Amino acid sequence: MNPSSRPASSSTRPAVSPNSRPQVNTHTKVLDTTHGRILCIADIRGRLSGLNDLAREANAKAIIHTGDFGFFESNSLDRINDRTLRHLTMYSPLIPSTQRTHFLAPDNTSQAIRATVDISLLSEFPLLLSGQLKLSVPVYTVWGACEDVVILEKFRAGIYNIDNLHVLDEATTHCLDVGGVKLRLLGLGGALVPHKMFDNGDGSATIAGGQGTMWTTALQIGELVDTAQRVFDPTETRLLVTHASPGREGIMAQLALVLKADLSISAGLHFRYASSYNEFSVQSDLEGFRHKLIAGKEAFDKVWDSVKQQVDTVIDEHQRVLLDKALSVIERVPNAQGPEEPSWKNCWNWNLCDAAFGSLVLDVKDGRISAELKSQGFNYAYRRTATPSNIVPTPNSTTSSLPNATSNPPTKGSTPIQAEKPLSPHPKEVRSPLVPVASGKETPKESSPSTPPPKSNGSGTPAPPSDKAEKEKQKRKDKKERKDRERTEAKEKEASTSEEKADPALNAPAPAFASAPTSTPVSVPTPASAPELKSGKATPEVPSADVREGMKSPTTDSTGARTPTSKRSPRHPWTLFVKLPQQSTEADVRTFFGGETAGVTKVTFLANKGFPHQRARPFVYVEFGDDETMKAGLDKNEEKMGEGTVSVQIATDREERADRGGVRGGHRGRGRGFAARGFAAAGLTRNTPHTNGEARESAAA
């Protein structure tokens with residue numbers, strides 16, 4: 001905590017006692033007393049010349065921007081660390097795509113990027129500062145996660161002043177008088193990183209940042225509350241502008257409650273669609289809303305409990321007032337038994353996509369604020385060019401939902417390879433290839449109740465049976481009477497059902513054949529891969545296993561689409577396996593790796609399977625956006641988190657760990673029983689025909 005003095009609109013204001021606070025830095029701007037349009041955008045990322053174009057297209061009288069404005073100048077490059085510089089290079093709209101690809105090539109080091117990238121590729125702010133670029137309408141902005149804190153301090157100290165550019169901070173507020181509405185703008189900049197809320201970094205007084213990034217502090221929140229309370233006017237409509245989203249961050253939602261915000265605009269999620277919601281529309285009940293706020297409170301309390309004594313020794317009397325106001329925000333959780341919280345339904349929120357992908361226009365007229373939301377969205381045109389040959393279906397799904405009259409059904413629904421169908425030319429003659437081979441059982445004469453006894457070919461002349469079929473027929477005639485056929489048929493149906501369950505590769509064709517019964521066998525040329533069928537019976541005898549093997553998926557080493565041997569999806573290539581020293585939340589994990597700039601795309605906790613009443617184990621899979629950010633995360637190994645250290649290693653699949661000799665403990669290991677583990681320990685299962693992996697592959701085939 002920096003004990004320096006607290007500014008109103010600059011970092012140079014001397015400290016004063018709480019009883020003699022100076023006037024709030026507030027300004028009222030009359031845009032149009034009858035009608036006005038306000039353009040709201042996010043993440044312009046330094047392409048500041050686009051602000052005038054966007055305002056002209058929207059016919060806007062003013063612009064509200066929610067962070068990542070591009071506050072960088074030439075000497076900012078010396079203060080930006082390698083990871084942040086790579087992030088800025090990756091997303092800068094000022095860099096052509098071909099040049100960006102060259103910068104981000106795997107063999108291009110951070111030093112090479114730093115030697116090549118200049119400020120003109122990251123931001124047009126120097127042009128705005130020099131007067132070469134001018135803003136045509138007033139722009140009100142907070143700072144985002146990637147900005148130079150030194151530049152923001154110069155704005156607060158009055159060193160930098162740009163016409164029509166207004167920085168919304170915790171001590172500066174603006175009121176727009178437009179369309180019969182007095183719109184009060186309250187702003188909070190920076191990323192919300194709980195473990196940094198008491199760290200100023202290179203900032204002074206209440207704001208914080210360093211190495212090209214900026215984050216929110218507890219004193220910053222406290223001063224914004226103080227400012228809002230001192231300018232409160234019930235005739236105004238309050239609009240909270242933040243970089244972090246109240247939809248995801250409970251502390252931001254709590255701040256909106258304390259400020260009595262009517263509207264909120266945020267960014268930081270970088271979707272291709274903007275979102276518009278109130279808490280009532282996205283929470284099942286008030287308890288769900290309270291749960292989000294409580295989660296944010298708990299994340300803050302963990303940090304506060306660890307630094308409370310240190311903070312108490314360094315803050316002055318004035319900062320104590322701000323800290324108490326910040327703590328009042330953290331404690332602001334609606335009472336479940338009390339009256340309903342008005343903002344639960346009345347506070348409306350927008351989370352914006354980047355300026356390159358969409359915007360929000362607030363059209364204000366006659367006291368009504370209308371909203372026009374525009375998003376570029378996803379491009380689904382690629383699906384029109386997709387063909388069945390290059391679409392891999394979901395495992396265990398069926399491909400017969402859109403049948404083709406000229407094609408035959410595949411032998412397995414989940415295998416899109418249609419060339420392997422030895423028996424497909426006989427859809428009417430062959431009902432089920434389930435007759436056991438060399439089982440010693442007699443083959444019944446009837447295959448289903450709907451199929452009459454195959455005594456003739458329809459003309460009264462017996463069909464010429466094969467030698468083996470004739471012998472079986474004579475035995476049945478000598479041993480049984482005609483009335484026993486129904487009992488034999490029932491036994492055959494039971495045997496067919498059990499064999500279908502035993503051999504999943506033969507399950508798929510049975511319903512297709514059963515759906516087209518016929519009493520008259522049809523003669524169709526037999527393919528070379530299947531034996532010639534001389535009998536006219538509806539259920540042919542299968543003399544060998546060749547036909548049944550042909551019904552299965554190919555077991556070659558082809559790289560084409562095949563039925564997976566496991567239900568587990570492939571591991572994300574840039575995933576780390578993290579062992580935490582204590583129970584933690586997703587926010588804690590993201591914070592540990594560096595917050596929004598760390599490149600973390602997904603955090604997955606391992607659940608206690610079989611013991612749902614227990615809390616999740618402190619084991620986490622953390623996915624990153626690229627190899628560079630993953631390697632940076634790997635450097636966090638053995639770093640402190642709370643009272644312990646964190647173990648970080650590259651995540652590997654279960655099969656890879658088994659190949660390296662790793663043993664998965666616990667009685668819930670999938671696919672390996674006690675006996676199998678005993679054989680594995682004795683070295684008897686490697687390269688044998690009955691290993692679990694091969695058994696699964698055989699079953700899947």
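Modeller: A definition to begin with: buried means under 20% relative accessible area, exposed over 50%, and partly exposed in between, with a 1.4 Å probe and protein chains only. This is a predicted model, where local features need pLDDT of at least 70, side-chain atom pairs count only at pLDDT 80 or more, and totals for chains, interfaces and linings use all residues. Residues are numbered from 1 along each chain as its sequence is written, and side-chain values use heavy atoms, leaving out hydrogens and water.

Biologist: Which residues of helix H18 are buried?

Modeller: In H18, residues 627–634, they are Thr-629, Met-630, Ala-632 and Gly-633. They sit on the same side of H18, because they cover an arc of only 160° around the axis; the arc is taken over the directions from the helix axis to the C-beta atoms. Helices (H or I, at least four residues) and strands (E, at least two) are DSSP runs, numbered from the N terminus.

Biologist: What do they pack against?

Modeller: Helix H2 (82–91) and strands E16 (575–579), E18 (619–624) and E21 (647–650). Contact there means heavy atoms within 4.5 Å.

Biologist: And which residue caps the N-terminal end of H18?

Modeller: Asp-626, with a side-chain oxygen 3.2 Å from the backbone nitrogen of Glu-628.

Biologist: Switching to backbone angles. What is the phi of Arg-45?

Modeller: Positive, about 55°, although Arg-45 is not a glycine. Arg-45 is in the loop between strand E2 (35–41) and helix H1 (49–58).

Biologist: Buried or exposed?

Modeller: Arg-45 counts as buried, at 16% relative accessibility. Asn-59 also has a positive phi of about 55° without being a glycine, but Asn-59 is exposed at 56%. Asn-59 lies in the loop between H1 and strand E3 (62–65).

Biologist: Now charges. How many salt bridges does the structure hold?

Modeller: There are 25, a salt bridge being a side-chain nitrogen of Lys or Arg within 4 Å of a carboxyl oxygen of Asp or Glu. One of them joins Arg-37 and Glu-372, at 3.0 Å from N to O. That pair links distant parts of the chain, with Arg-37 in strand E2 and Glu-372 in strand E15 (residues 368–375), 335 residues apart.

Biologist: How accessible is Arg-37?

Modeller: Arg-37 is buried at 14%, whereas Glu-372 is partly exposed at 37%.

Biologist: Back to H2. What does Asp-82 pair with?

Modeller: Arg-114, with the closest N and O atoms 2.8 Å apart. Asp-82 lies in H2 and Arg-114 in helix H4 (residues 110–116), so the pair ties together parts 32 residues apart in sequence.

Technical notes. Polar contact = N/O pair within 3.5 Å; in protein donor to acceptor, adjacent residues only side chain to side chain.
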